[in-house]
Amino acid sequence: MKITSVKLTPVAVKRRTGFVSRHVVVELATDEGVAGLGEMSDLGHLPLYMPDLRDLERNLNRLLVGRDPLQLNALEQ
C-alpha cells in the first residue's frame, strides 16, 4: 500500500469562553482505497507558529506520497 495524497483541512471551533481553537484535519489517501484521518490540534494558542497550510500540505505530499503508511518508523525518520 502506498500513500497517494495528503490533504489538510483547517477547522476553527469557538469555545464557550470565546477563544477560537484551531485544528487541522489530516487525510491520507492510498492506492488501495484506504483513507486515514487524523488531526493536528490546538494550533491557535501560538498564532505566530500557525503553519502555512498550503506550504505544509505541499511538503507533506512531497515527503509522503509513494511511501507505505504502515511503515511508521521509516516515516518518522
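Guide: What follows is about the sheet, the helix lying across it, and the residues around them.

The model is predicted: local features need pLDDT of at least 70 and side-chain atom pairs count only at pLDDT 80 or more, while totals for chains, interfaces and linings use all residues. Residues are numbered from 1 along each chain as its sequence is written, and side-chain values use heavy atoms, with hydrogens and water left out.

The sheet is open, with three strands in the order β1-β2-β3 and antiparallel pairing. Strands are DSSP runs of E with at least two residues, helices are runs of H or I with at least four, and numbering starts at the N terminus; two strands pair if DSSP finds at least two bridges between them. At the edges are β1 (3–14) and β3 (35–40), each pairing on one side only. From one strand to the next, the twist averages 20 degrees. Strand β2 (residues 20–30) is joined to β3 by six bridges, and Leu-28 stands opposite Gly-36 in β3.

Helix α1 (residues 53–64) lies across β1, β2 and β3 and runs at about 150 degrees to β1 (axes are lines fitted to C-alpha atoms, for helices over the stretch in contact, with angles from 0 to 180 degrees between N-to-C directions). The N-terminal end of α1 is capped by Asp-52, which has a side-chain oxygen 3.1 Å from the backbone nitrogen of Arg-54. Just after α1 comes Gly-66, with a positive phi of about 95 degrees.

The largest nonpolar core has eight residues: Ile-3, Val-6, Leu-8, Val-24, Val-26, Leu-43, Leu-53 and Leu-64. Such a core is a set of buried Ala, Val, Leu, Ile, Met, Phe, Trp, Tyr and Cys residues joined through side-chain atoms within 4.5 Å. Two or more of its residues come from each of β1, β2 and α1, and β1 gives the most, with three. Leaving aside neighbours within four places in sequence, Leu-53 is in contact (heavy atoms within 4.5 Å) with Leu-8, Pro-10 and Val-24.

Strand β2 also holds His-23. With a relative accessible area of 14%, His-23 counts as buried, since the limit is under 20% (1.4 Å probe, protein chains only). Beyond four places away in sequence, the residues His-23 touches include Thr-9, Val-11, Glu-39 and Asp-42.

Notes. Buried means under 20% relative accessible area, exposed over 50%, partly exposed in between (1.4 Å probe, protein chains only). A polar contact is a pair of N or O atoms within 3.5 Å; within protein, one must be able to donate a hydrogen and the other to accept it, and residues adjacent in sequence count only if both atoms are side-chain atoms.
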